Amino acid sequence: AELEAAALRPARRRNFPAMDHERQHQLARNIHFACSECQSRLHLTSFPRQIDFSLACPCCKRRGKYNLHQLLDDALEEAVRNASYTEVCAALVLGADVDTRVTVRGSDDPRGSALDTRWIELDALRGFAVMGILAMNIIAFALPEDAYFLPRVPGTGPATAADVGSWIAAFLLFDGKMRGLFSLLFGASLYLVAERAEAAGHSAARVHYSRMFWLGLFGAAHFFLIWWGDILFLYAVIGCFAFLMRGAATRTLIVTALVVYAAGFAILCLSLGTMFSIQAAAQAPGASPASVERFAAMMEGFSAAAQAEEIALFRSGYGAILDFRLSQWWRPLNLLFQAGTETFPLMLLGMAGLRSGILTGTWDRRRYRQLLWALLLPGMLIYAVLAALNWSRGFDPIFSLNLVVAWSLPARLMTTI
């Protein structure tokens, strides 16, 4: 009866029906729209007192002018597509024109907020990323770890054309990109869950850190009991830090992400680049025995004997494998330092991508095509050059490791976005 009465009120009035503050706040949070300047995704934090109002964008800092009736009409169209109860109610109560053919769910609908509406774009991207991650992880399910950056691991014979072709295809299409895409989506989901918790009257921090605690436990169990390539523990720890940036402006998120990513790129290049210094010192005329011994110890990890030992271990019983994993307890912590400066920025970019609408498909196609030409195609060209360089060097282990782990980071970010 309340909705019917509200729908009969004049649609173009200057004032609004009396509502308590909590109801106004709930309705305002369901009105989403794009910034008139930079197209970033905005939502109202308080209920406007006038139909025509202005709002400053946290991304471009410019104040745009908006009409509440137009925003409500747009919200209603979106609500009809998504069958979101609260958005339809908001449109009805605030006087937007309503198509009476729309069936509105009852007030006991547990979803309650537009934030609960699932974004088909996010779900599709997440499924795409998971299958891409499988395409990479399946390599380590069947082969020694070094197969990630070598077409044929030492001791298993020379690399065939199929080996080289499959490695190049995986490097160009999947390596790092799918994990990067999943990190972007993790950041977006982090933001959505926190917003939903607040809209429901819960503590966003309590909900988030509880989820990260259980995710970390699952990740640790996954590493020690199932597979060494776990990233859940990494996401849990980095997610705790990413949450602290949730309230930052979109521009701040992007700038912080790029700065941290660049710093991580420099650190990785410098740390892995020491392998070339060790190699040069050992191969120099009159090299000291210590330099030669240090280089031999480093190359021992790439030797046929090391690969045979790893294969024998994982073909033995589960008890021996579990004992080995327990002895490698430091690896999840080491991954935090190795991949943290890549994962943290991507989570921030995921939050920014959700706010701006790029991850939800709300940009026009022209802007997506601009990204294609500005990022994807140049990034793939860089990847192709790196693959050609690796092939020309005969997939030297030191060169290939540096190329895959460190040198490809800029192109990886470009192609991931």
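**Legends to the close-up views**

**View A. Helices α7 and α14 cross in a right-handed sense.** A crossing is called right-handed if the near helix is turned clockwise from the far one by less than a right angle, and left-handed if it is turned anticlockwise. Helices (H or I, at least four residues) and strands (E, at least two) are DSSP runs numbered from the N terminus. The model is a predicted one, in which local features need pLDDT of at least 70 and side-chain atom pairs count only at pLDDT 80 or more, while totals for chains, interfaces and linings use all residues. Residues are numbered from 1 along each chain as its sequence is written, and side-chain values use heavy atoms, with hydrogens and water left out. Helix α7 spans residues 177-199 and helix α14 spans residues 331-356, and the two pack with their axes 7 Å apart at an angle of about 55 degrees; axes are lines fitted to C-alpha atoms, for helices over the stretch in contact, and angles run from 0 to 180 degrees between N-to-C directions. The pair α7 and α14 is therefore oblique, a word kept for angles that are not under 35 degrees (roughly parallel), over 145 (roughly antiparallel) or 65 to 115 (roughly perpendicular). On the α7 side the contact is made by R179, G180, S183, L184, F186, G187, A188, L190, Y191 and L192, and on the α14 side by E342, T343, L346, M347, L349, G350, M351, L354 and R355, where contact means heavy atoms within 4.5 Å. Sorted by class, the residues where α7 meets α14 comprise 11 nonpolar, 5 polar and 3 charged; Ala, Val, Leu, Ile, Met, Phe, Trp, Tyr, Cys and Pro count as nonpolar, Asp, Glu, Lys and Arg as charged, and the others, Gly among them, as polar.

**View B. Helix α7 also packs against helix α9 (residues 232-243), at an angle of about 50 degrees and with the axes 11 Å apart.** That angle makes α7 oblique to α9, and the crossing of these two helices is right-handed. Helix α7 contributes R179, F182, S183, F186, L190 and A194 to the contact, whereas α9 contributes Y235, G239, A242 and F243. The residues of this contact between α7 and α9 fall into 7 nonpolar, 2 polar and 1 charged.

**View C. T415 is located in helix α17, which covers residues 409-416.** T415 has a relative accessible area of 11% and so is buried; buried means under 20%, exposed over 50% and partly exposed in between (1.4 Å probe, protein chains only). The T415 side chain makes polar contacts with two backbone oxygens, that of A411 at 2.8 Å and that of R412 at 3.2 Å; a polar contact is a pair of N or O atoms within 3.5 Å, where within protein one must be able to donate a hydrogen and the other to accept it, and residues adjacent in sequence count only if both atoms are side-chain atoms. Once neighbours within four places in sequence are set aside, T415 is in contact with K177, L376, G379, M380 and Y383.

**View D. N390, in helix α15, is shown together with the loop between α15 (365-392) and α16 (397-407), where F395 is found.** N390 counts as buried because its relative accessibility is 0%. Not counting residues up to four places away in sequence, N390 touches F149, W167, F395, D396, F399, S400 and L403. F395 is likewise buried, at 11% relative accessibility, and its phi is near 55 degrees, a positive value in a residue other than glycine. D396 lies in the loop between α15 and α16 and, with 22% relative accessibility, counts as partly exposed. A polar atom of the D396 side chain lies 3.2 Å from the backbone nitrogen of I398. D396 and L150 are 246 residues apart in sequence, yet their C-alpha atoms are 8.2 Å apart in space.

**View E. K65 is part of strand β4, residues 63-67.** With a relative accessible area of 76%, K65 is exposed. Leaving out residues up to four places away in sequence, K65 touches F53 and S54.

**Context for the views: the protein has 17 helices and 4 strands.** Of its 417 residues, 43% are buried. Among contacts in the protein with a separation of 6 or more, 69% are between residues 24 or more positions apart.
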